[in-house]
Amino acid sequence: MIKLVKPIKKAKIGLYTVGLKAYWNQFEGLKERIIEYGKFIESRLCDLGEVYNFGLVDDEITARCAGEWFNSKNVDIVFCHSATYCTSSSMLPVHQICKAPLIILNLQPTARMNYEKTSTGEWLAHCGACPVPEFANTLNRSGIRYRIVNGLLGMDKTPEISVTDENTSQRKEALRAWKEIGEWIQAATVKRTLQYSRFGFLGNNYSGMLDMYSDFTMAQAQFGIHVEILEMDDLNRCLDKVTSDEIEEKMMQVNEFFQISGDSPSDPIARKPSDEQLEWSCKVAAAQERLVKEYDLDALAYYYHGYEGSFYEKLQSGFIVGHSILTAEGVPCAGEGDLKTAIAMKICDILGKGGSFSEIVAVDYDLETIIMGHDGPFHILISDGKPILRGMGLYHGKKGSGVSVEAKVISGAVTTLGITQTVDRKMKMIISEGEAIKAPILMIGNTQTHIKFNCHPDEYMNRWFIEAPTHHFALSVGHNASIFEKIAYMLDLDKVII
């Protein structure tokens with residue numbers, strides 16, 4: 001496993017517990033009890049991010065203090081632990097001051113109260129659902145977005161004060177709730193990591209691909225990324241500094257990660273890579289690594305064709321191998337200048353789900369699969385076996401010749417993540433879940449994977465095309481629609497699940 005070039009930024013998590021101040025003198029031990037429930041939540045959250053637990057909020061004065069405190073900690077997300085009844089006026093100021101996305105936690109400590117022994121005070125320790133409708137109404141009328149997680153608290157022991165069983169750690173309602181909480185923190189982690197990410201844009205878009213064209217300012221405004229515009233001269237300068245030791249190191253990586261092909265039995269332009277082609281790809285890969293380090297890049301969108309026979313045409317012909325290696329190292333690289341798909345790939349990579357550069361290749365109507373892939377780069381870490389390197393007599397639709405990657409994604413659950421741009425200049429996520437299956441692919445030096453969806457390919461394409469997608473997307477492993485949906489919410493983006 002290759003280590004990421006830079007560590008992922010941990011989410012900063014705000015947490016507070018709410019209650020009604022009038023209860024504390026009426027019901028002995030209730031205040032301390034719900035505070036302990038909040039500390040249990042804190043202990044679970046600490047495994048997932050950097051936690052700032054304000055503690056108890058039970059009036060509007062304390063709520064204002066909490067909002068200011070969360071702002072001072074620069075939190076990415078705030079969890080409001082609804083532990084017992086609380087007036088909405090005692091929680092609203094938190095979110096009028098702190099604008100981080102709000103998730104209300106309605107986590108009941110017990111699956112079932114002891115009806116014969118439960119007093120009013122005991123009931124109040126379990127009535128976290130009671131104020132949630134009031135919170136929702138107030139937040140909605142205040143123009144504040146929120147989401148709610150319902151379920152069980154999931155403790156593995158019962159407090160001494162309790163008269164019922166509070167060991168719910170293995171209950172499905174607790175497991176489901178904590179899975180959802182974990183996804184919210186993953187979404188916050190993606191948002192924070194993107195806010196500190198530098199995306200290179202090398203060269204230009206493929207001319208005429210209007211879906212590729214995008215506004216760098218929009219990308220920075222909506223995702224928080226920085227876009228560094230790079231020239232081929234920048235890469236050429238790095239190429240001039242490449243040493244023979246660096247080329248040898250890249251050749252070792254190539255032999256470790258790839259299988260070198262023979263001639264394709266079906267395509268005359270796909271042949272065994274020559275020694276000269278492999279050495280050139282390794283030299284360019286070393287230059288690409290230098291470029292990434294010099295500009296501190298976390299991802300890259302690129303394309304350049306050059307005029308016939310020019311040096312830059314030769315330079316770009318060596319791109320695919322190095323960009324595939326970089327993608328595996330945590331620096332996703334998207335071809336044809338597709339910045340939006342580079343962002344989608346980076347989101348998948350932050351989550352550890354891969355994220356390979358893809359488009360629709362063709363349909364297999366007998367298998368009822370859609371073949372998805374591209375002419376590179378490929379995310380090596382989600383490959384079904386070693387990716388194959390083929391020498392290409394030409395890059396179809398592009399200039400030059402060189403080495404390309406032929407591979408397919410490992411069989412099992414997959415999710416596509418596309419990012420498109422709408423008529424009102426907003427970014428939108430298009431998400432779909434399917435299954436990668438083992439099936440023959442073309443031996444033409446391209447990445448290809450057969451994907452079966454829960455509907456006929458024609459129905460899937462109808463539903464996908466009508467969303468006006470960018471024709472590229474990131475192909476990730478696992479069923480990730482739930483987490484992608486939460487990321488869209490954290491980033492305040494439109495989304496659709498196909």
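Predicted model: local features only at pLDDT ≥ 70, side-chain atom pairs only at ≥ 80, totals over all residues.
Let's start with two helices that cross: α1 passes α6 in a right-handed crossing.

**How α1 and α6 sit together**

- Helix α1 covers residues 30–45, and helix α6 covers residues 172–195.
- The two pack at an angle of about 60 degrees, and their axes are 11 Å apart.
- An angle of 65 to 115 degrees would count as roughly perpendicular, and one under 35 as roughly parallel; α1 and α6 are therefore oblique to each other.

**Who touches whom**

- On the α1 side, look for Phe40, Ile41, Arg44 and Leu45.
- Across from them, α6 brings Trp178, Ile181 and Ile185 to the contact.

**The chain as a whole**

- If you count up the secondary structure, you get 15 helices and 20 strands.
- Picture a box of roughly 85 × 50 × 45 Å, taken along the principal axes: that's what the C-alpha atoms of the chain fill.
- The chain has 498 residues, and 56% of them count as buried.
- Take the contacts in the chain with a separation of 6 or more: 78% of them come from residues 24 or more positions apart.

- The chain's accessible surface comes to about 20,800 Å².
- Carbon and sulfur atoms account for 50% of that surface.

Conventions: Residues numbered from 1 in each chain as written. Heavy atoms only, no water. Axes fitted to C-alpha atoms, helices over the stretch in contact; angles between N-to-C directions. Helix = DSSP H or I, 4+ residues; strand = E, 2+ residues; numbered from the N terminus. Parallel < 35°, antiparallel > 145°, perpendicular 65-115°, else oblique. Left-handed = near helix turned anticlockwise from the far one by under 90°. Contact = heavy atoms within 4.5 Å. Buried < 20%, exposed > 50% of the residue type's maximum accessible area, 1.4 Å probe, protein only. Areas by Shrake-Rupley, 256 points an atom, 1.4 Å probe, with all protein chains shown as cover.
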